[in-house]
Amino acid sequence: MNSECYSVLHMRVDLLTKEYPPEIYGGAGVHVAELVKALRTSLDVQVRCFGAQREEADVTSYSVPSDLVAANPALQTIGVNLLMANDTAGADLVHSHTWYANEAGRVSQLLHGIPHVITAHSLEPLRPWKAEQLGGGYRLSSQIEKSAYEAADAVIAVSAGMRQDILRSYPDIDPDKVHVVHNGIDVDAWAPTSNPQLLEKWGIDSSRPSVVFVGRITRQKGLPYLLEAAGRLPDEVQLILCAGAPDTPEIKAEVESKVAELQQQRDGVVWISDHLPRHELAAILSSATTFVCPSIYEPLGIVNLEAMACGIPVVGTATGGIPEVVDDGVTGWLVPIEQLQDGTGTPLHPEQYVSDLADAMRNAVSDPERAKQMGVAARERARIHFDWMAIAEQTRAIYNLVKR
């Protein structure tokens with residue numbers, strides 16, 4: 001074994017994250033969980049995460065310091081990050097995910113003199129609606145992210161679209177240190193699944209064509225646009241919304257109002273707010289004619305890969321990293337969008353976007369046989385291009401570039 005391979009195999013990486021099983025609520029948490037499994041085949045990976053204690057070996061959890069339990073959420077996050085950074089002594093490298101852990105990575109870099117790698121799952125400047133959620137804490141989260149990115153030894157973008165967003169948002173970053181490594185999918189865990197009893201439990205009629213949405217209730221996911229477009233679907237089409245964890249009371253109220261209005265207009269509108277386990281979600285996805293991702297901001301979208309792995313095509317907005325996942329006309333349909341460049345991603349012509357979204361969904365459900373063929377192609381694309389072991393190998397190569 002050459003010295004280069006030896007140094008990588010004996011590297012200790014401290015992976016810093018807010019989310020880790022079983023406390024996962026978004027794509028970043030899914031990414032971290034799968035990446036850790038793949039990396040541990042050849043590296044010593046210590047996970048440092050937020051929340052309750054885990055039983056898994058080499059995983060350390062951190063709670064908000066008692067003096068900060070009533071503080072702004074951004075201050076609570078900083079408190080947890082400092083505890084994490086104190087414990088990264090002895091690591092060869094730290095790898096942080098999302099702004100929630102970026103400060104721990106930056107402090108570790110300064111305190112212990114070790115490289116800091118960041119994976120960018122989203123960017124604070126492109127989520128200004130978070131000011132609703134964090135208040136002044138949004139200014140703190142934005143500053144934390146900016147300073148960490150500009151000082152990082154390497155930044156991993158989950159798509160080429162995300163890489164462009166990073167360099168546009170933070171022009172002082174050296175482009176040579178921003179690398180593209182896509183999100184991945186476990187096609188053995190996410191596979192076509194049949195569960196008629198589950199569908200019946202939720203009131204889903206498997207004999208009818210259906211469109212399914214899965215995601216958090218947040219501005220970036222574009223749910224209000226989907227609810228408008230859904231009113232233009234043929235009467236026999238069901239809309240299944242697996243949507244929960246609203247960011248704010250305001251967006252929750254807006255979505256509740258639009259869903260209630262849609263349910264008065266038509267039947268077959270099913271809203272599941274529970275956080276479903278994977279096998280149940282896979283069954284609901286597998287039963288659908290198509291998946292829909294109406295996001296106005298989406299660095300890549302693991303949920304699109306989950307749907308594809310379950311063998312259904314995707315109707316997705318042509319924004320962010322979605323065009324790198326969905327092969328237009330082969331594994332799904334891309335919906336064109338012109339957007340404001342103020343960080344909100346707001347459609348310049350919302351009515352046109354809603355109309356185009358409705359057209360794409362109608363195309364998907366109008367020819368179930370074609371949709372089925374596209375679903376087969378979608379699963380194959382997920383299997384070939386988004387394998388977690390290949391993604392771990394690319395990540396290790398970046399570690400090797402920056403190791404000291």
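Predicted model: local features only at pLDDT ≥ 70, side-chain atom pairs only at ≥ 80, totals over all residues.
Residues are numbered from 1 along each chain as its sequence is written, and side-chain values use heavy atoms, with hydrogens and water left out.

Let me begin with the sheet. It is open and has six strands, in the order β10-β9-β8-β11-β12-β13, with parallel pairing, where two strands pair if DSSP finds at least two bridges between them. At the edges sit β10 (269–272) and β13 (332–335), each of which pairs on one side only, and from one strand to the next the twist averages 20°. Angles here run from 0 to 180 degrees between N-to-C directions, and axes are lines fitted to C-alpha atoms, for helices over the stretch in contact. Within the sheet, β8 (residues 210–216) and β11 (residues 290–293) run parallel and are joined by two bridges, and Val-212 has Phe-291 as its bridge partner in β11.

Two helices deserve attention against this sheet. Helix α9 (residues 223–230) packs on it, touching β8, β9 (238–244) and β11, and its direction makes about 165° with that of β9. Helix α14 (residues 350–366) lies across β8, β11, β12 (314–317) and β13, and runs at about 170° to β13.

How many residues of α9 are buried? Seven of its eight are, taking buried as under 20% relative accessible area, exposed as over 50% and partly exposed as in between, with a 1.4 Å probe and protein chains only. The buried residues are Leu-223, Pro-224, Tyr-225, Leu-226, Leu-227, Ala-229 and Ala-230, and what covers them includes β8, β9, α10 (249–265), β11 and α14.

Leaving aside neighbours within four places in sequence, Lys-221 is in contact with Phe-213, Arg-216, Pro-294, Ser-295 and Glu-298.

Turning to helix pairs, α12 (residues 302–309) and α15 (residues 368–385) pack at an angle of about 120°, with their axes 7 Å apart. They are therefore oblique to each other, since angles under 35 degrees count as roughly parallel, over 145 as roughly antiparallel, 65 to 115 as roughly perpendicular and the rest as oblique. Their contact is made by Leu-305, Met-308 and Ala-309 of α12 together with Gly-375, Ala-378, Arg-379, Arg-381 and Ala-382 of α15.

The second pair is α2 (residues 27–39) and α16 (residues 388–402), whose axes come within 9 Å and cross at roughly 80°, which makes α2 roughly perpendicular to α16. Among the residues making this contact are His-31, Leu-35 and Leu-39 of α2, and Trp-388, Ile-391 and Tyr-399 of α16.

Finally, the cysteines. If a disulfide is a pair of cysteine sulfur atoms within 2.5 Å, the count comes to zero. Cys-242 is in no disulfide, and the nearest cysteine sulfur, that of Cys-310, is 11 Å away. At 7% relative accessibility Cys-242 counts as buried, and Cys-49 is likewise buried, with a relative accessible area of 0%.

Key
Helix = DSSP H or I, 4+ residues; strand = E, 2+ residues; numbered from the N terminus. Contact = heavy atoms within 4.5 Å.
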